[in-house]
Structures are given as structure tokens and as C-alpha cells.
Amino acid sequence: METISGKIGQLYGGLTKFVMKCLFRVISVGPVPEHIAFIMDGNRRYAKKQNERTIAGHKAGYSSLISMLGYCYELGVKYVTVYAFSIDNFKRSPEEVECLMDLMLEKMKGFLEHESIVHQYGIRVYFIGNLKLLNEPVRVAAEKVMKATAKNNKANLLVCVAYTSCDEIVHAIQESCQSKIYDIQTRNGSSDKKMNGFVVHGGLEEHEHKPKNHEAKPCNGLIEESEVCEKQMNLPTLKLVDIEKHMYMAVAPDPDIVIRSSGETRLSNFLLWQTANCPLYSPTALWPELGLWHLVWAVLNFQRSYQYLEKNKKKI
């Protein structure tokens, strides 16, 4: 009896895969999104709905993620980004945060196993965010996964942990400024940082010595020292491209679609910089309930709007 049941299960599984491949072949006649981003919302509500503990909802959410990754890569999507853990999530109860970190650590180690989806599809994994906020075991595990998958080149998975878009933008601006300061120091052969009439020595600011009768004049709408104004005119300009290359997400193109489960239409501080011309699809299903047909519908909507979206991108 068990043998017959097993054979029926195998037959059903094989038939499902065949139908999925046929469906994807039809869909891929049109433009296939290169990059899909997911906001995995609703794990806790799903657990409550099932009368389970919160961690059970997160485990169900991970299973849904693995299924969704398989669908995306079978369709031909090259980049998948998932919003796994926001910096704001650290404000949750210590017990839930600890459980999430333990679950994350367990799944990171699972990525290194030969049978994992990472090896099945040749996925390179990136952990995106302010990783120093993670506890040491999780941070070390993340670094091991990134190093172990660095040579994979068939697909990419970007896992946003300890991430918010605001933190990413601040980080990028800080890094860009540091890079420009280094360029100025290299060009001038000096280790001092001159900015706005101040000399910075070892991180401490000291105002430059000024003659008693120094002249001040307006510069860029501000009253500044004439000498400083003249110097500022020759300083390198911080450009958009400088900031973008220091973004955490610089390793991937901007998303073509953002999918947020549970019917919410907020981005919740996720990829605000990268999604200016990106459609948001928000099915009412909770994340563990999200399935193949939700993805198919999102891709079909993307294809229907493709010409309009491309036209808008060219205007920028």
C-alpha cells in the first residue's frame, strides 16, 4: 500500500514539474524579469492563524522561500532579493529575535550542504545590510556562505539582513565622502582633511589659524573665508554614481518587480533608492501561503506593463 502511495506521489510530483516547465516556457516568450525582490510579510499572522508558535510561522516562511526561489530560477530570473530581517526587527521581543537568529544560523549552514538549492541552481549568495549588527555566529556563518558560493555564476540570491534602505543610503554617502577625502589627500600628498575652514587631525577638528584682518565673502550661499571658497571650487564633486557604487545593493541591477505578501502596499524601508520605477505587486496571501500562481500573475502583469516601464526608465 505504501509503495503504491509513493508511486502516486512521484507521478504527481513529476506531472507538476512538467506542467510548470511548460507554463514557464510559454511565459518566457515575453520579457522575463531579471531581478525580483520579495518582502516576506505575514509569517507571524500565519502562525496565529494556524494556532502555532511564532517560530513555526517563520519556519513555514522559509519553506515558502525555497519553493519560490525554485520557481524564479526555473523561469530564468537571474537575481532574487529577499527582505529577511530589518534593523527595526531588533525591537521585537528578545525571545523572538533570538529564535530568528538561531533559525537564520541553521539555514545558513544548510546552504553549504551539497543537496541545497544553492548548489542545485549554482546560486551565488550575498548577505546585504549592516552585518556588524548581527551576533558573531550568524555573521561568521554569513561570511562563510558568501565565500563558499563566490564562484557560482548561474543565479544570485541577495538576503537583506540587519537592513533598512535609510541605513544603506547613509552608509553609501559616508563611504563616498571618505573616498573623496582619500582622493584629495592622495592628490595633495597630505594626511590632513581640509573642509569648511577646518583641519582635521586624527579625528579631532581644529580651526585654522586666521589672520586678524581676514576677508569673508559669500560662497554657495554661505559666508565663508575667501581662501577656503577658492579651494572648494577645485574640490571633487560628489556625484550620483559615486553614491550608487557604494550602496549595499551595488552588486545587482535594480529590481524589475517587488512582491509583498499579505496585501500591504508599503515598502517598509526596503530598496527605496532602487525601486523608483518598479511595479509593486501585493497579493493578499500571507508569505507562507504564497505560491506559483502568485508569481505567474506578477510576471504577467510585468510583461503587460513592460513597454511603459522601459519608456519611463529611458526618460531618467
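The model is predicted, so local features need pLDDT of at least 70 and side-chain atom pairs count only at pLDDT 80 or more, while totals for chains, interfaces and linings use all residues. Residues are numbered from 1 along each chain as its sequence is written, and side-chain values use heavy atoms, with hydrogens and water left out. The secondary structure comes to 11 helices and 11 strands; helices (H or I, at least four residues) and strands (E, at least two) are DSSP runs, numbered from the N terminus.

**Overall picture**

- Of the 316 residues in the protein, 41% are buried; buried means under 20% relative accessible area, exposed over 50%, and partly exposed in between (1.4 Å probe, protein chains only).
- Among contacts (heavy atoms within 4.5 Å) with a separation of 6 or more, 74% join residues 24 or more positions apart.

**The largest pocket**

- The largest pocket holds about 820 Å³ of space; a pocket is an open set of points on a 1 Å grid over the protein atoms alone, where a 1.4 Å probe fits, with protein on both sides within 12 Å along at least five of seven lines.
- The volume is the space filled by probe spheres set on the points, which are joined across faces, edges and corners.
- The lining consists of 33 residues, and Met-40, Asn-43, Tyr-83, Ala-84 and Phe-85 lie nearest the centre; a lining residue has an atom within 4 Å of a point.
- Two or more lining residues come from each of α2 (43-49), α3 (54-75), β2 (79-86), α4 (94-111) and β4 (155-163).
- Helix α4 supplies the largest share, 6 residues.
- By class, the lining has 17 nonpolar residues (Ala, Val, Leu, Ile, Met, Phe, Trp, Tyr, Cys and Pro), 8 charged residues (Asp, Glu, Lys and Arg) and 8 polar residues (the others, Gly among them).

**Aromatic pairs**

- The protein has 7 aromatic pairs; rings of Phe, Tyr and Trp (its six-membered ring) pair if their centres lie within 6.5 Å, and planes under 30 degrees apart count as stacked, over 60 as edge-to-face and the rest as tilted.
- Tyr-83 and Tyr-163 form an edge-to-face pair, 5.9 Å centre to centre with 90 degrees between the planes.
- Because Tyr-83 lies in strand β2 and Tyr-163 in strand β4, this pair ties together parts that are 80 residues apart in sequence.
- Phe-85 is buried at 1% relative accessible area, whereas Phe-90 is partly exposed at 31%.

**Thr-275**

- Thr-275 lies in the loop between β10 (257-260) and β11 (280-281), and its relative accessible area of 11% makes it buried.
- A polar atom of the Thr-275 side chain lies 2.7 Å from the backbone oxygen of Leu-271.
- Leaving aside residues up to four places away in sequence, Thr-275 touches Pro-255, Val-258 and Leu-267.

- Glu-106 is in helix α4 and is partly exposed, with a relative accessible area of 45%.
- Glu-106 and Val-138 are 32 residues apart in sequence, and their C-alpha atoms are 9.1 Å apart.
- Lys-109 is in helix α4 and counts as exposed at 52% relative accessibility.
- The C-alpha atoms of Lys-109 and Ala-141, 32 residues apart along the chain, are separated by 6.9 Å.

Terms used. Polar contact = N/O pair within 3.5 Å; in protein donor to acceptor, adjacent residues only side chain to side chain.
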